[in-house]
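Please open the model in your viewer and keep the selection tool at hand. The tour moves from stop to stop, saying what to select next and what is there.

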2 protein chains.
Amino acid sequence: MTLRDRAAPWAGPMAAVGTWLCLTVPMAAIVGSLCALFLWSLDRATQARLDYPWLLYGLPVAGVVIGFVYHWVGRPAEGGNNLIVDQIHEPGGGVPLRMAPLILVSTVITHLFGGSAGREGTAVQLGGSIAGGIARLCRLDAAELRILLMGGIAAGFGAVFGTPVAGAVFALEVLTIGRIEYEALIPCLIAAVTGDWVCHAWGVGHVHYPVAFLAGAEAGGFTLDGVLLAKVAIAGIAFGLAARLFSEASHLVQTLYKALCPYAPLRPAIGGLLVIGLVHALGTREYLGIGVIGATPEDASILNFFISPVVHDWSWLWKMLFTVITLGAGFKGGEVTPLFFIGAGLGNALSGLLGAPPDLFAALGFVALFAGAANTPLACVIMGIELFGAGPTVYLATACFLAYMASGHSSIYLSQRVGIAKR
Amino acid sequence: MTLRDRAAPWAGPMAAVGTWLCLTVPMAAIVGSLCALFLWSLDRATQARLDYPWLLYGLPVAGVVIGFVYHWVGRPAEGGNNLIVDQIHEPGGGVPLRMAPLILVSTVITHLFGGSAGREGTAVQLGGSIAGGIARLCRLDAAELRILLMGGIAAGFGAVFGTPVAGAVFALEVLTIGRIEYEALIPCLIAAVTGDWVCHAWGVGHVHYPVAFLAGAEAGGFTLDGVLLAKVAIAGIAFGLAARLFSEASHLVQTLYKALCPYAPLRPAIGGLLVIGLVHALGTREYLGIGVIGATPEDASILNFFISPVVHDWSWLWKMLFTVITLGAGFKGGEVTPLFFIGAGLGNALSGLLGAPPDLFAALGFVALFAGAANTPLACVIMGIELFGAGPTVYLATACFLAYMASGHSSIYLSQRVGIAKR
């Protein structure tokens, strides 16, 4: 037995780490840079929408432009997140490079004209598209393509939300309901940390959501409050049911659009008109766009759910309606930032009903609704810790795990497989 | 379709949560109480060992007593942790109730006379034994027994270390290398939180390990230090290799004992004599017992690796030797607290070599060596967060994931299956 043979079982996994370092770091650096460009453009678009309110009336036309662009040149990229997850499960046609510019520009347009949408879909598609391109360039085989695509998801997710460890776990967890496999553990971590670091290096930061509850607690000194835990459990189940409502409403609205307008490129016109109608009927623009920061301190917005003393009882339901109407029509973006809004809003409302700290419950809803809708409870617990600190770890886990159980097998990702059924 | 049929897919998983609540809470309350009794006894035994140094010379005789008790009445419980993991994979003979008193008393005896051992094996066996007893009492079927046994592991682990979320994830993760399945997600969380809460309710606390590095950082405001990350990556690989050395040395020493003394009950006498010999050869008692708190501020101990300015270059290797000699001979306890010691000690030593914060590196080694030896990277990241706070999450994940990769397929748990091979 040569020295090399003897060293192989010790060095093998480490040599693999080296190889993945060379492949993943450049990929994630590109994805992180694109995410920085995307977040910067999104900020500019949101500011422009607030400065020029009349832009909203362009929403139907902007939607039709997006519709026709995807119809003419975007067909292979139309699957979006589902295409990437499908290619990880059964590598085949690959993920086209054109997905990156298409999703970036169309998401910014959606936000500029006031559609209610998010960011994670865009980030994941930027990641998948760049990973797919690099895989073709380096002639990776199917097994390697799978791993690089997972790294792409991790890089996009980690960069766009500033939560690298959650990004790495999300990429492993989102593929299959009820199961995580560690095949791509290290490539996903490298990709997510690199993506996040590069995005920061471009000077792009993230909004900080302050949770005063337990923020000053000493690490390791957690004491459980049994009554609060029971309230958190009730809220967790509510978050899961709301997640299920969101997933099922999304699919239902899509079916209705298809029945109403069989020709896809024109559907966004209907969606745009519905959004304009809702804005006039409700007399508020709070539910347009990304919804992270409100135009006024009283507005319903993710940040205000954490800091404002105003309780918003039904904001979460209105945001859900605006979002399913926008995305179901064919506008682009993601579901996750609206899910943060809906969750934080529902948490804010439930904190009033249950007599619990509003900032804690906004934080729990923020991650738990997403955990239920994407079936990613562990990634969401870690995301909660990365965003809000370690103090509420037990409450985060309770809310996310229960939301995961209560959301059933419906999912915002139709290409997700069921590994271990919930029961 | 009746209302009940319509409600079933929504209510099903929630009804299951209710059932598991009724089964798991009483089980975990008993396990948490036994863990409290165990931790209290362990403290008394450790104090007595320090007060009466001559107790060490009773170690060989105490070991032979443990050996004969297990030989005469403990045969069905001898498998320990491996028996529980085997029963989860292939439910069959069950886990005997006598495992609980046997492991509790024999672990306390091991510590009273100065054996180098830990706590998690005892806690996991208390959990598995009580869960097995309740499963027989309630006539659970094989699938339910599996889930209750996982809950028992979670309750014991969560209670003994004061890390409930890590306990829940550990119980799911330890069964199979490279894969987590969510079948028992909620029962494990209920069990771990209950076990931890009950243990605290008995007034039993845990030692706090202070990590000043990043402790004051605002949640969500993490900025990566690239040079430090590279040092953490090097340390993570070293932790994984040390974990592998520990696993392989444990198995080797066991084989040597068997060759040297085919009659099992007498092996602890040899082990006891070896420990006494080592104490006299080295002229120090630092490596005896649990090793959490040192007798003097200069002693090698887990807490001192975090706070003392003294750097201990080879403490980790000596502790490894003391532990494999103690446990391989048939003394009882667990491997995990010694792994914390070895990891924190190696982290302390590496911080000197690499020019890095000693408290951070002690914390990283604490969880990462365990992640490599037990193949449980996610549980160990969460454990690190629960013990040391959210500040170093990215460094914890880097160290734990790399240690997991570098440790190969060897494991302190021989009954662990390989799900997804590392490569």
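Begin by selecting A:V61, A:V65, A:V69, A:W72 and A:V73, which together make a nonpolar surface patch of about 490 Å². A patch is made of residues with over 30% relative accessible area and no salt bridge, like charges being joined within 9 Å and nonpolar side chains (Val, Leu, Ile, Met, Phe, Trp, Tyr) within 5 Å; a salt bridge is a side-chain nitrogen of Lys or Arg within 4 Å of a carboxyl oxygen of Asp or Glu, and accessible areas come from the Shrake-Rupley method with a 1.4 Å probe, only the protein chains shown counting as cover for residues.

This is a predicted model, in which local features need pLDDT of at least 70 and side-chain atom pairs count only at pLDDT 80 or more, whereas totals for chains, interfaces and linings use all residues. Residues are numbered from 1 along each chain as its sequence is written, chains are lettered from A and ligands numbered from 1 in the order in which they are written, and side-chain values use heavy atoms, with hydrogens and water left out.

Stay with A:V73, which belongs to helix α2 (residues 59–73) of chain A; helices (H or I, at least four residues) are DSSP runs, numbered from the N terminus. A:V73 counts as partly exposed because its relative accessibility is 43%, given that buried means under 20% relative accessible area, exposed over 50%, and partly exposed in between (1.4 Å probe, protein chains only).

Next select A:T337, in helix α13 (residues 336–354) of chain A, where A:T337 is buried with a relative accessible area of 0%. Setting aside residues up to four places away in sequence, A:T337 touches A:G118, A:R119, A:F161, A:I290, A:V292 and A:I302, contact meaning heavy atoms within 4.5 Å.

In chain B, go to B:S247 in helix α9 (residues 226–260), a residue that is also buried, at 0% relative accessible area. Beyond its neighbours within four places in sequence, B:S247 is in contact with B:A373, B:S410, B:S411 and B:I412.

## Rings and charges

Finally, select A:K422 and A:Y404: the charged end of A:K422 sits over the ring of A:Y404, 4.1 Å from its centre, the rule being NZ of Lys or CZ of Arg within 6 Å of the ring centre and within 35 degrees of the ring normal.

Definitions and conventions
Helices (H or I, at least four residues) and strands (E, at least two) are DSSP runs, numbered from the N terminus.
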